Amino acid sequence: MDHAFTRPADFLVEDVPRPFPWLNVILFLLTCLTTTLVGTILMADFNETLTDNLTGFLTSIVFAPSMLISGLPFSIAIMTILMAHEMGHYLTCRYYGIDASLPYFIPWFTGTMGSFIKIRSPIPDRASLLEVGIAG
């Protein structure tokens, strides 16, 4: 059995001009913000500087945005994992000629709910479906 990473033949996807993916960019930036906020809260709790009043703590972040720097390692780690996972799916779709969207990140009050890509065209065969699924 040949396990080579080969392209399927006789399957063409029509190139459709697409506008700039503003929604993807906005959702990415919002998810970076929410994960940074959650990372800042986790670090404040770890350092025992988190007050009992969470809204007061969040208000203090507004007046001292330098506090957000402590949440960046958490945010960078989470966003790197999500981006690597989704880009694995996306780039494999591009390799097989499957039309797919850029990743959509889902911001949430706990940081993030994850991310996903939208596959717009039919998947040509089971082998490419399997490789797109495994690539993440």
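Trainee: Where does Ile69 lie?

Mentor: This is a predicted model, in which local features need pLDDT of at least 70, side-chain atom pairs count only at pLDDT 80 or more, and totals for chains, interfaces and linings use all residues. Residues are numbered from 1 along each chain as its sequence is written, and side-chain values use heavy atoms, leaving out hydrogens and water. Helices (H or I, at least four residues) and strands (E, at least two) are DSSP runs, numbered from the N terminus. With helix H2 covering 54-63 and helix H3 covering 72-95, Ile69 lies in the loop between H2 and H3.

Trainee: Is Ile69 buried or exposed?

Mentor: Buried means under 20% relative accessible area, exposed over 50%, and partly exposed in between, using a 1.4 Å probe and protein chains only. Ile69 has a relative accessible area of 56%, so Ile69 is exposed.

Trainee: At what angle do H1 and H3 pack?

Mentor: Axes are lines fitted to C-alpha atoms, for helices over the stretch in contact, and angles run from 0 to 180 degrees between N-to-C directions. The axes of H1 (residues 22-46) and H3 are 7 Å apart, and the angle is about 135 degrees.

Trainee: What does that make H1 and H3 to each other?

Mentor: Angles under 35 degrees count as roughly parallel, over 145 as roughly antiparallel, 65 to 115 as roughly perpendicular and the rest as oblique. The angle of H1 and H3 is about 135 degrees. H1 and H3 are therefore oblique.

Trainee: Which residues of H3 make the contact with H1?

Mentor: Contact means heavy atoms within 4.5 Å. On the H1 side, the residues include Phe28, Cys32 and Leu42. On the H3 side, they are Leu72, Phe74, Ser75, Ile78, Met79 and Met83.

Trainee: How many bridges join S1 to S2?

Mentor: Two strands pair if DSSP finds at least two bridges between them. Strand S1 (residues 104-108) and strand S2 (residues 111-116) run antiparallel, and a hairpin joins them through two residues. Ile106 stands opposite Gly114 in S2. The number of bridges is five.

Trainee: Is Glu48 buried or exposed?

Mentor: Glu48 sits in the loop between H1 and H2, and its phi is near 60 degrees, a positive value in a residue other than glycine. Its relative accessibility is 73%, so Glu48 counts as exposed.

Trainee: What pattern does the protein follow along the sequence?

Mentor: The secondary structure comes to four helices and two strands. Read along the sequence, the pattern is α-α-α-β-β-α.
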